[in-house]
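Hi everyone, thanks for coming. I'd like to walk you through one structure today, starting with a ligand and then moving on to some helices.

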Amino acid sequence: MSETLTDPRSLEVALGSRSYPIHIGPGLLGDPGRLTPYLAGQQVMIVTNETVAPLYLERCRAGLPAGLEVRELVLPDGEATKSLASVERIWDALLEAGFNRRCTLIALGGGVIGDMVGFAAACYQRGVAFIQVPTTLLAQVDSSVGGKTGVNHPLGKNMIGAFWQPRAVLVDTDTLATLPPRELSAGLAEVIKYGLIRDAEFLAWLEESMPALRALETPSLTRAIERSCALKAEIVAEDETEQGVRALLNLGHTFGHAIEAHQGYGIWLHGEAVGAGMLMAAELSARLGWLSAEQVARTRAIIEAAALPLTAPADMSAEDFLVRMRLDKKNINSRLRLILLRELGEACVHDATPPELLGDLLASFPR
Ligand code: NAD
Ligand code: MG
C-alpha cells in the first residue's frame, strides 16, 4: 500500500440531503477548524461525561474556531445516564443558555453520550444540528454512524428514540489510548462482525491484524475503523430505517441480548455478549450445513484473538436463552428470526431454523 494510513481518511454516509462525512485519523480532535464546516451557527454545546471530560474536553474545545458561544455540559458516566432525565438536563441547559434552532450539539464520548445527545438534538426545537465525536471503539465503528439515537426506559433498553443523522462524525484514533482493554475488545466484536457479515477479505485482514489492533497501532486502527464505517455506511444507505438489510448488523446480537438481559445489563459488556453470540451463530450455521468446521474454527480463533468470551454464562440454560430470544424485536408473528452465516463474509436472515437444532446448539454450547 503506497498511501500512509496515518493521514486522516474520510468517507461519506450517502443519504441524499442528509449525507455526512466520517473523518478518521490520529490527532483530529484538537485540529483547528476541523469541525467548522459542520457548525450550524455560532452557538455550540459540547456534551460529555465525567470520565471523558478530564481527558478530552479541553482538546475538543481547542479545535473550535474563536468567537463562538461555547457551552459545556458534563453528565455522570454509565448506561444509567442514558435516560430521559439526562436528556431533560441537556434541554434545560440549552434553554437556559438561550440556544436557538441554529445551535450545534457536540457528542464527545462513547455510545451512551452519542445516543443521548443525538436524541436531545433530534427533539430540541424540532431538530438541531449535532456532531458525533466518538471516543470508544464501539462508538467509532458502530453507534456514531447511522442515525439511531435514543435513551433507555425503565421497562426496556433503547425504547425511546428517533432516527436523526449527525452533520459529521469525527473519529480521533488517539482517544483509544486511554480506553480500558475490555472496552477495546468489546468494540473489536463489532469490527469482526462487519467482516463476518459482509467482507471476507476484511475478515482475513483482521485475522492477521488483531495483535496490531490490540496494541493500538494507528495505521491498523485507522484501516479497521474506516472499513467498518464504510460497511455500516453502505448498509445504512441501503436501508436507513431497518426494513431489510440493516438487520444483518445484528449478527450475534439475538444470542448476545439474551445473555445481557439474563445477567442484568452491565455484567458482560455488550461486545462481549456479541462475541460469544457470533460464535453461537457460526456454530448454528454449521449445523445447518452452511459453514464448514474449519470456518467455525476460524470464527472462534478471531473472537479469541480479540480477547472476547467463547462460552456462554455458566448459569444460563438453553431454556433461559429461548425465553429471551423469543422476545427479540426482529421476530415476526412469533417466528424466531436469526442472523446466520451462509459463508464467512455473507450473512442472511433466517426464520426457519428447526427448533431441535437450535435447542441442541444452546444445550451443547460450552459454559
Ligand atoms: P459507553 O459510552 O458507556 O463507554 C464505555 C466506557 O468508556 C464509559 O465508562 C466511558 O465513560 C468510557 N470512555 C469513553 N471514551 C473513553 C476514552 N477515550 N478513554 C477512557 N474511557 C472512555 O459505552 P459504548 O460501548 O461506547 O456505547 C454503548 C452504548 O451505545 C449503549 O448504550 C448502546 O445501546 C449504544 N449503541 C448504539 C448504537 C446505535 O446505532 N445508535 C449501536 C451500538 C450501541
Ligand atoms: Mg451491537
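Let's begin with the shell around ligand 1: by class, 8 of its residues are nonpolar, 12 polar and 7 charged. For those classes, Ala, Val, Leu, Ile, Met, Phe, Trp, Tyr, Cys and Pro count as nonpolar, Asp, Glu, Lys and Arg as charged, and the others, Gly among them, as polar. Please keep in mind that this is a predicted model, where local features need pLDDT of at least 70 and side-chain atom pairs count only at pLDDT 80 or more, while totals for chains, interfaces and linings use all residues. Residues are numbered from 1 along each chain as its sequence is written, and chains are lettered from A and ligands numbered from 1 in the order in which they are written.

So who sits around that ligand? In total 27 residues surround ligand 1, the closest being Gly110, Gly111, Val112, Thr136 and Ser143; a residue belongs there if its C-beta atom, placed from the backbone, lies within 6 Å. The elements giving two or more residues to this shell are α3 (111–123), α4 (137–143) and α5 (181–198). Helices here are DSSP runs of H or I with at least four residues, strands are E runs of at least two, and both are numbered from the N terminus.

Now the record. Residues 73–185 are 34% helix and 30% strand, whereas residues 187–331 are 68% helix and 0% strand.

Next, follow helix α9, residues 270–287. The axes of α5 and α9 come within 7 Å and cross at roughly 40°. Axes are lines fitted to C-alpha atoms, for helices over the stretch in contact, and angles run from 0 to 180 degrees between N-to-C directions. The α5 and α9 crossing is left-handed, meaning the near helix is turned anticlockwise from the far one by less than a right angle; clockwise would be right-handed.

Helix α8 (residues 253–263) packs against α9 at about 130°, with axes 7 Å apart. That makes the two oblique: angles under 35 degrees count as roughly parallel, over 145 as roughly antiparallel, 65 to 115 as roughly perpendicular, and the rest as oblique. This crossing of α8 and α9 is right-handed.

Which residues of α9 meet α12? They are Met280, Glu283, Leu284 and Arg287, facing Leu357, Leu358 and Leu361 in α12, where contact means C-beta atoms, placed from the backbone, within 7 Å. That contact divides into 5 nonpolar, no polar and 2 charged residues. Helices α9 and α12 (residues 355–364) pack at about 135°, axes 10 Å apart, and are therefore oblique.

Methods
Contact = placed C-beta atoms within 7 Å.
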